[in-house]
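Here is a short walk through a few local features of one chain. Have the structure open beside the text as you read.

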Amino acid sequence: MELAGRTALLTGATGGLGRVIARALAGRGAMLSLSARNSGALEALAAELPGEGHKVVLADLAEPGAAERLAADAGDVDILVANAGLPGTAWLTDFSSEEVVRALRVNLEAPMLLARALFPAMVERGSGHLVFVSSLSGKSASPRTSVYNATKFGLRGFALGLRTDLGPRGVGFIRDAGMFAEAGAKPPPGMGTARPEQVGDGVVRAIERDKVEVVVASPQLRLLSHMGMVSPSLAVRAQSGSAGQKAAKAIASGHSKDKR
C-alpha cells in the first residue's frame, strides 16, 4: 500500500513511540487521525506534523465502549495503527482487579474491537491495513510481567490469526514488536537496544511491503525471544536468573502505579 493520500488512525499518538510513528506516516504523505487522552498534546502534535488534513480524536481506551466510539468518530480509514498500551509491569498481587481489567482492555480488547469495527469497510474497498504494535513480551515471558505478557501474547495471536482470515480478502496485517519499556531502567548488559525511529520505519515498511511481522530489536533480543517460543522452559529459567530479576525490578519500579 502506498501511504500518500491514505488516512490512518493512530492510537496512543502522544506517547514516545506514537509520536515517532505519527511523524513517519505523515512524512510519507498519510493523513492522520491522532488519538490519545490528552487533547492539548494531540493538538500540538497535529500542528507540527508535515502535510495537511490531520485531525484529533480524543479517547480513553480504558473506558468501556471507548474503542467502538473511537472507530465511529474516526470515520473511514485506510490504516489502523493500534499503538496504545499500558505497561502492566508488577507482581500480579500488586494489581487491583480494576487495573487488570484496564490492562486487558487497552492492550488487547481495544485493538480487537477497533479491528472488528474498521475492517468490514476495508474488505468492501478491497484494501486496507491493520498494524498492531506489540512487544517481545508477546513472544517470551519475563519476571513481573505476567499481565503484560498475557496481553501481548494475546495480541500477537489475534493479529496472526486474523491475517489468515482477511489476508486473502485484501486487508494486510502486521504485529510490530517494540523496544525495552521506557521506565528509566537499563536493559541487561549485552542485550542491545533499538532507536524509536526504527519503530516508525518498521511500521511504514510493514504497510508499504505488506509484511506479516516486523521485529524492531537487537539481534540478541530477537534470538532470546525466538528461544522463548521454541523452548519456554529454557527461557523461563534464563529470565528467572539474577539479571532478569534485576531488570524486571527496575522496570516495575519505573512504572508508577498511576500508569496502570
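## Ground rules

Helices (H or I, at least four residues) and strands (E, at least two) are DSSP runs, numbered from the N terminus. Asn 149, for instance, is found in helix α5, residues 146-166.

The model is a predicted one, so local features need pLDDT of at least 70 and side-chain atom pairs count only at pLDDT 80 or more, while totals for chains, interfaces and linings use all residues. Residues are numbered from 1 along each chain as its sequence is written, and side-chain values use heavy atoms, with hydrogens and water left out.

## Helices α4 and α5

Let's begin with a helix pair. The axes of helix α4 (residues 97-125) and α5 come within 8 Å and cross at roughly 15°. Axes here are lines fitted to C-alpha atoms, for helices over the stretch in contact, and angles run from 0 to 180 degrees between N-to-C directions. α4 and α5 are therefore roughly parallel to each other; angles under 35 degrees count as roughly parallel, over 145 as roughly antiparallel, 65 to 115 as roughly perpendicular and the rest as oblique. By class, their contact has 14 nonpolar, three polar and one charged residues. In this scheme Ala, Val, Leu, Ile, Met, Phe, Trp, Tyr, Cys and Pro count as nonpolar, Asp, Glu, Lys and Arg as charged, and the others, Gly among them, as polar.

Is Ala 115 buried or exposed? Ala 115 sits in helix α4 and, at 0% relative accessibility, counts as buried. Buried means under 20% relative accessible area, exposed over 50%, and partly exposed in between (1.4 Å probe, protein chains only). Beyond its neighbours within four places in sequence, Ala 115 is in contact (heavy atoms within 4.5 Å) with Leu 80, Pro 120, Leu 130, Phe 132, Phe 158 and Leu 162.

Asn 149 counts as buried, at 7% relative accessibility. Leaving aside neighbours within four places in sequence, Asn 149 touches Ser 137, Ser 140, Ala 141 and Ser 142.

## Helices α1 and α2

Helix α1 (residues 16-27) and helix α2 (residues 39-48) pack at about 30°, with their axes 10 Å apart. That makes α1 roughly parallel to α2. Arg 19, Ala 22 and Arg 23 in α1 meet Ala 41, Leu 45 and Glu 48 in α2. These contact residues divide into three nonpolar, no polar and three charged.

Arg 28 lies in the loop between α1 and β2 (31-36), and counts as partly exposed at 44% relative accessibility. Which residues does Arg 28 contact, leaving aside its neighbours within four places in sequence? They are Leu 3, Ala 4, Val 204 and Glu 208. The side chains of Arg 28 and Glu 208 are joined by a polar contact of 2.9 Å. A polar contact is a pair of N or O atoms within 3.5 Å; within protein, one must be able to donate a hydrogen and the other to accept it, and residues adjacent in sequence count only if both atoms are side-chain atoms.

## Two positive phi values

Most residues other than glycine have a negative phi. Arg 144, in the loop between β5 (128-134) and α5, has a positive phi near 60°. Asp 210 is not a glycine either, and its phi is positive at about 55°. Asp 210 is found in the loop between α6 (196-209) and β7 (213-215) and counts as partly exposed, at 36% relative accessibility.
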